[in-house]
Amino acid sequence: MAWMGLSWIGAGRGEPGGTTFTGWDPEAGVALEPRYHPAHPHEVERACQLAEEAAPVFAALPSRQRAVFLEHIAESLLAAEADFLAVTPRETGLPPARIQGELGRAAGQFRQFARLLEEGSWVDARIDHALPERRPVPRPDLRSMLRAVGPVAVFGASNFPLAFSVAGGDTASALAAGCPVIAKAHPAHPATSERAGEAVRAAVAACGLPEGVFSLLFDAGTQVGRALVQHPAIRAVGFTGSRAGGRALMDLAAARPVPIPVFAEMGSINPVFLLPEALDTRPVALADALAASILQGAGQFCTSPGLLVAVDGAGYEAFRARLVERLSAVSAVPMLTPGIAERFREGVGRLAARKDTRTWVRGEGREARGAPALFEVDAGAVLTDAALTDEVFGSCAVLARTREPRDLARVASRLEGQLTATLMMEAADHALASELLPVLADRVGRVLVNGVPTGVEVCPSMVHGGPYPASADGRFTAVGTGALRRFVRPVCFQDVPEVLLPAELRESNPLDLWRTVDGVLKRA
Ligand code: NAP
């Protein structure tokens with residue numbers, strides 16, 4: 001493919017001009033071709049208009065036809081593997097194997113949603129038949145189902161160039177719901193974004209869908225993103241990135257004349273609680289597993305473990321020694337962007353400068369490189385100073401030590417909303433775990449036992465979210481088929497004649513869906 005450096009405004013390309021930017025090779029420290037041209041204000045307007053026009057047509061498309069469209073996207077993405085391997089490792093510093101894995105995940109997400117649409121019951125059809133004889137007031141015929149909210153703006157994440165970017169989970173779930181998507185590419189991987197945009201555009205054309213179903217906008221600043229979130233045609237926003245960015249968009253969306261939801265996934269320190277028996281029986285294995293998780297992808301995962309809370313005992317010193325050994329053995333690695341590397345080093349510097357922390361690992365990082373860091377602190381300090389639990393995006397962890405097992409629940413109860421929490425435990429730790437579990441379930445989206453939080457399975461039961469600030473709205477997940485629920489709303493039809501009802505709600509159940517009829521789930 002020839003990379004043009006231009007936005008996609010529906011089926012047409014954007015115009016050159018404006019303040020251009022380029023991708024950046026963090027390994028070699030050089031700018032990459034081509035130059036990318038930001039979307040002009042009239043192009044943002046046009047993309048929004050096209051999306052608004054496409055919205056009713058796309059939402060009314062039978063689920064099974066949308067499933068075919070999603071399959072096309074999956075195939076187009078997989079067919080572009082060679083192109084992604086040519087550009088994505090260079091502009092992200094991520095290894096080719098990771099890119100291949102992520103491509104499979106991105107395509108797999110579209111396929112999972114296609115299966116959901118083929119089956120069709122996701123619309124959650126509910127039918128309550130009329131009760132004309134009911135006294136004192138007869139009941140009308142009531143039928144409800146979920147429908148697309150309308151055009152969605154998607155902000156690609158820097159750390160998942162494929163699976164959470166232009167053709168990532170937010171785009172897949174919004175398109176599955178029947179919402180046109182306008183993607184704002186992350187400037188850290190523009191060539192990957194352009195190629196993914198091309199794959200989606202090819203599927204739109206192949207399926208004969210209205211051009212406004214998908215647009216892709218470039219920008220190296222916040223202007224285009226802000227204009228999108230404020231545009232009246234946009235009905236919801238999907239975002240993955242920093243708390244500052246997510247919160248800015250939430251505030252902007254809330255201040256609109258017609259406020260809209262922003263589903264922002266903003267990161268987490270993913271606390272790990274090392275229970276006494278587990279720490280005493282397998283300190284080295286625990287340190288190995290956690291070191292691998294902390295180091296994975298240079299720590300640039302929202303699920304990277306950043307706080308380890310442990311009870312002092314026989315295994316503690318062995319655990320810490322092994323963790324220090326593992327983390328010190330790794331030198332500085334390229335991070336996604338020089339900016340992310342700089343913020344990482346600042347965060348590490350802040351922790352190192354504190355009087356109450358002891359620095360165990362702190363390598364030399366410079367330019368776009370970051371080296372792992374490990375600090376130790378008394379758990380009491382974590383209880384009193386929230387700055388110790390701020391996310392440092394990268395391979396950095398704080399080990400909080402206590403002599404008192406009950407401190408684990410105290411620390412847990414002070415944490416702000418998190419994506420995950422992990423318990424490392426043995427059978428003898430059950431009593432302590434049963435105290436911790438309800439506290440954690442109240443604060444996180446996913447509780448793990450004896451696993452590591454990095455590695456998020458894409459499946460119907462996954463919850464990748466959590467109370468604010470892990471996500472903007474802890475009632476939803478950003479990963480798995482449940483992610484579609486962010487972009488639908490229920491609509492009730494009262495006494496609407498059979499011929500005018502959507503097929504999903506007709507008495508004859510022509511689509512053979514599971515529906516809740518007079519309070520009973522049935523397929524009839
Ligand atoms: P970011 O700065 O939040 O940016 C994410 C996207 O949102 C970019 O497209 C950015 O546009 C846009 N944006 C940010 N602030 C905006 C605003 N006020 N108005 C309109 N658009 C805005 O995230 P990042 O660049 O990926 O990384 C920066 C930091 O985010 C990291 O150091 C890390 O702390 C965190 N992060 C968290 C996760 C996670 O999984 N939760 C993932 C990645 C990064 P521009 O770049 O064009 O300004």
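User: Hi! Before we look at the helices, how do you get an angle between two of them?

Analyst: Happy to start there! Axes are lines fitted to C-alpha atoms, for helices over the stretch in contact, and the angles run from 0 to 180 degrees between N-to-C directions. Keep in mind that this is a predicted model.

User: Great. At what angle do H2 and H4 pack?

Analyst: Helix H2 covers residues 63-79 and helix H4 covers residues 96-119; they pack at an angle of about 165°, and their axes are 8 Å apart. Angles over 145 degrees count as roughly antiparallel, so H2 is roughly antiparallel to H4.

User: Is the crossing left-handed or right-handed?

Analyst: H2 passes H4 in a left-handed crossing.

User: And which residues meet there?

Analyst: On the H2 side they include Leu 70, Ile 73, Ala 74 and Leu 77. On the H4 side, Leu 103, Ala 106, Phe 110 and Phe 113 are among them. By class, this contact of H2 with H4 has 13 nonpolar, one polar and eight charged residues. Among the charged ones you can find Arg 64 and Glu 71 in H2, and Arg 111 and Glu 118 in H4.

User: New topic: how many cavities of 30 Å³ or more are there?

Analyst: The structure has two of them.

User: What lines the largest one?

Analyst: Its lining includes Phe 263, Glu 265, His 464, Asp 473, Phe 476 and Arg 486. The lining residues divide into five nonpolar, four polar and three charged.

User: And the second largest cavity, which element gives the most to its lining?

Analyst: That is H4, with three residues. Gln 109, Gln 112 and Phe 113 are part of this lining, and Phe 113 also takes part in the contact with H2. Others in the lining include Phe 164, Val 458 and Thr 481. By class, the lining has six nonpolar, five polar and no charged residues.

User: Which elements supply at least two residues each?

Analyst: Helix H1 (41-60), H2, strand E6 (142-148) and strand E21 (488-494) each do. By class, the lining has 23 nonpolar, four polar and eight charged residues.

Terms used
Residues numbered from 1 in each chain as written. Predicted model: local features only at pLDDT ≥ 70, side-chain atom pairs only at ≥ 80, totals over all residues. Heavy atoms only, no water. Helix = DSSP H or I, 4+ residues; strand = E, 2+ residues; numbered from the N terminus. Parallel < 35°, antiparallel > 145°, perpendicular 65-115°, else oblique. Left-handed = near helix turned anticlockwise from the far one by under 90°. Contact = heavy atoms within 4.5 Å. 1 Å grid on protein atoms, 1.4 Å probe; cavity = no way out; pocket = protein on both sides within 12 Å on 5 of 7 lines; lining within 4 Å. Points joined across faces, edges and corners; volume = space filled by probe spheres on them.
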